[in-house]
Amino acid sequence: MNPPSESTERPLVSKRIDDTLLSLYNVFTFVGRFFRDVALPPYEGREIIRQCYEVGVRSLPLISLTGFITGIVFTNQSRPSLSQFGATSWLPSLVSIALVRAIGPLVTALIAAGRVGSNIGAELSSMRVTEQIDAMEVSATNPFKFLVVSRVLATTFMIPVLTMYAICVGFLGSFLNVSGNEATSMQSFISEVFNTITFLDIFSSVIKSIVFGFTIGMVGCYQGYNSSKGTEGVGKAANASVVTSMFLVFVEELLSLQIVSAIRDM
């Protein structure tokens, strides 16, 4: 009588390490497929525009409220420290540096990760569970280009726009606070703001926002497109999209800070 064959293969290193390496391979393959498909026709222009509307226009109310409150709160929190040195006139300069260099891109990315990232993850995951993606493949439609490429491009394009908008709304909230407490005119406030920030500040903020948008879109699409375990996977995909996106955004913020600081010190 022949001995029973082993039902599972032995891991190369350990099961956890093998799973981690396999996950990294799948991630790099997914990203590589995106860059391949984004350069090849046909181009889903109408779907990209629709996703830009979903990511950008639908996020405006939340971004407006968040940016406005951020400008007011940061100004209020900074005033006591500056007033101890009789330097409340520096508030516009301080707010401009904080909003443009860090707070604006970071807050916008975190809001987008919570709203857009979770929505993408849940939407694609539900399509995977209900076999809509498989149906698209059978009907000779490229689901990856239609679903993934369009959404990643939309987040990459729209997050920088939302960031600049959030910064402007933050300036408005800060101006109303400063004007109400220090009676500063709008002309003086705007002059102080734009005399402080540099081209490097604006350029780095835009580049960071592009990277943040690409990360949010890619993570949400990856989690949703590769989800499993039925309806339970929909919730897990949405949750993983938000958590992973926020973690990567903080890591990218730290790396960009080091790079920009090195360039500024040259």
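Colleague: Is R264 buried or exposed, or something in between?
Modeller: In this predicted model, R264 has a relative accessibility of 34%, so R264 counts as partly exposed.

Colleague: Which side chain does R264 meet in a salt bridge?
Modeller: The partner is D201, with 2.7 Å from N to O. This pair links distant parts of the chain: R264 belongs to helix 9 (residues 231-264) and D201 to helix 8, 63 residues apart.

Colleague: And D201 itself, buried or exposed?
Modeller: D201 counts as buried, because its relative accessibility is 0%.

Colleague: Where else does D201 take part in a salt bridge?
Modeller: The side chains of D201 and R101 also meet in a salt bridge, at 3.0 Å from N to O. R101 lies in helix 4 (residues 91-129) and D201 in helix 8, so this pair ties together parts that are 100 residues apart in sequence. R101 has 32% relative accessibility and therefore counts as partly exposed.

Colleague: How many salt bridges does a search of the whole structure find?
Modeller: The search finds 11 salt bridges. One of them joins the side chains of E54 and R58, at 3.5 Å from N to O. There is also a network of salt bridges that links E47, R50, E123 and R151.

Colleague: Changing topic: how many aromatic pairs are there?
Modeller: The structure holds nine aromatic pairs. Among them is the pair of F30 and F144, which is edge-to-face, with 5.0 Å centre to centre and 70° between the planes. F30 is in helix 1 (residues 15-38) and F144 in helix 6 (residues 143-182), 114 residues apart, and the pair links these distant parts of the chain.

Colleague: Why do F30 and F144 count as buried?
Modeller: F30 counts as buried because its relative accessibility is 7%, and F144 because its value is 0%.

Colleague: Which residues form one aromatic cluster with F30 and F144?
Modeller: Y222 and Y225 complete that cluster.

Colleague: Which residues make the nonpolar surface patch?
Modeller: F199, F203, I207, I210 and V211 make the patch, which covers about 470 Å².

How values were computed
Residues are numbered from 1 along each chain as its sequence is written. This is a predicted model: local features need pLDDT of at least 70, side-chain atom pairs count only at pLDDT 80 or more; totals for chains, interfaces and linings use all residues. Side-chain values use heavy atoms; hydrogens and water are left out. Rings of Phe, Tyr and Trp (its six-membered ring) pair if their centres lie within 6.5 Å; planes under 30 degrees apart count as stacked, over 60 as edge-to-face and the rest as tilted. Helices (H or I, at least four residues) and strands (E, at least two) are DSSP runs, numbered from the N terminus. Buried means under 20% relative accessible area, exposed over 50%, partly exposed in between (1.4 Å probe, protein chains only). Patches are made of residues with over 30% relative accessible area and no salt bridge: like charges are joined within 9 Å, nonpolar side chains (Val, Leu, Ile, Met, Phe, Trp, Tyr) within 5 Å. Accessible areas come from the Shrake-Rupley method with a 1.4 Å probe; for residues, only the protein chains shown count as cover. A salt bridge is a side-chain nitrogen of Lys or Arg within 4 Å of a carboxyl oxygen of Asp or Glu.
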